[in-house]
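Subject: Structure handover

Hi,

Here is the structure I promised to pass on. Have a look at it first, and then read my notes below.

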Amino acid sequence: MSLGAAKEESAPEVHVPADIDWHKLDKSKFFFLGAALFSGVSAALYPVVVLKTRQQVSQSQVPCIKTAFSVISHEGFRALYRGFGTSLMGTIPARAMYMAALEITKSNVGTATVRFGIAEPTAATIANAVAGLSAAMAAQIVWTPVDVVSQRLMVQGGSNGRQYANGIDAFRKILRTDGPRGLYRGFGISILTYAPSNAVWWASYSVAQRMVWGGVGYYLCSSNKKDDGSETTNELRPDSKTVMAVQGVSAAMAGGMSALITMPLDTIKTRLQVLDGDENGNGRRGPTVVQTVRNLVKEGGWMACYRGLGPRWASMSLSATTMITTYEFLKRLSTKNQDVLT
């Protein structure tokens, strides 16, 4: 499905590279290269996720910079990558499920909506939202247990005070203490957090792209005019750097919006997954959603639900920008016919 074209009345058309549908991808190359590329992205952004998690489980409001200095000075730089191995092992299958569900849904829903007579820009927004929703739900089947284990590792050594030797040790202890349900603690709230977040993100990304391309198209059309006001050409084709820049800016805008809307749910989810049943004495049942919300409000009012917003905003914006440029690059590397690149 085409990303559309930025137009101005009586101005030449700005052609944007067409989106690459699922059936045009070499699946083996897509998944293999995707695992390698997104592992690198995860490694670069992991420290920000650790800081966000530390802030969310803290019982007081601590600035992000202070948290970072405290972690490094008391626990060393390696503490910023605590749980990364576990997270990475889960990221690869979770990303594979995410990408497959995303592309299949987006292709099918996009085609169906256009057939119903819906305008292409609206159809693209709907397809992106539904695809983001389904992709998040599919990935959480794998990601929730990995999230539970990696977040336990992230916070140990801080105020939480837990000690696990490694991811396998944490997995065994959680399973022994809480059973299989312990590994899926927060699964429901994870779906409620990530499914809407992804739907908002992909829909916002589609809308943001049209807005940014509108501005870029106006600029390109203006610079295309000769001194006498006539057009130098009837078609304008942005270069690859312009396309990547537009995708990155659009992704950052969408990431910031999604982070702001879903932050309270993410804070509640993190606490449910990290905190034990210490509050109810038997160590087998964690706090409920209602108890978690009450504790947050008691600690710092409703704004406590927004603890870690700064790191999460930065993480989601940076991650979105990096992810979408990497993802679009990956799709172009994985096309069966390289002619679609032009």
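To start: which residues in α8 meet which residues in α9? From α8 there are Thr 267, Ile 268, Arg 271 and Leu 272, and they meet Val 289, Thr 292, Val 293, Leu 296 and Glu 299 in α9; contact here means heavy atoms within 4.5 Å. By class, that contact has 5 nonpolar, 2 polar and 2 charged residues (Ala, Val, Leu, Ile, Met, Phe, Trp, Tyr, Cys and Pro count as nonpolar, Asp, Glu, Lys and Arg as charged, and the others, Gly among them, as polar).

Before going on, note that this is a predicted model, where local features need pLDDT of at least 70 and side-chain atom pairs count only at pLDDT 80 or more, while totals for chains, interfaces and linings use all residues. Residues are numbered from 1 along each chain as its sequence is written, and side-chain values use heavy atoms, with hydrogens and water left out.

Back to the helices (DSSP runs of H or I, at least four residues, numbered from the N terminus). α8 covers residues 240–274 and α9 residues 289–300; their axes come within 10 Å and cross at roughly 110° (axes are lines fitted to C-alpha atoms over the stretch in contact, and angles run from 0 to 180 degrees between N-to-C directions). The two are therefore roughly perpendicular to each other (65 to 115 degrees; under 35 is roughly parallel, over 145 roughly antiparallel and the rest oblique).

There's another packed pair: α1 (residues 27–57) and α3 (residues 84–115), with axes 9 Å apart and an angle of about 130°. That makes α1 and α3 oblique to each other. Among the α1 residues in this contact are Phe 30, Phe 31 and Tyr 46, and the α3 side includes Phe 84, Arg 95 and Glu 103. In total the contact of α1 with α3 divides into 12 nonpolar, 5 polar and 2 charged residues.

On the record side, the unreviewed UniProt entry annotates "transmembrane region" at residues 30–51, 182–203 and 244–263 (such annotations may be inferred rather than shown by experiment). In the model, residues 30–51 are 100% helix and 0% strand, with end C-alpha atoms 31 Å apart. Residues 182–203 are 86% helix and 0% strand, and their end C-alpha atoms lie 33 Å apart.

Lastly, the structure holds 12 aromatic pairs (rings of Phe, Tyr and Trp, the latter by its six-membered ring, with centres within 6.5 Å; planes under 30 degrees apart are stacked, over 60 edge-to-face and the rest tilted). One of them, Trp 202 with Tyr 205, is edge-to-face at 5.9 Å centre to centre and 90° between the planes. Both lie in α7 (residues 187–223), 3 residues apart, about one turn of the helix.

Cheers
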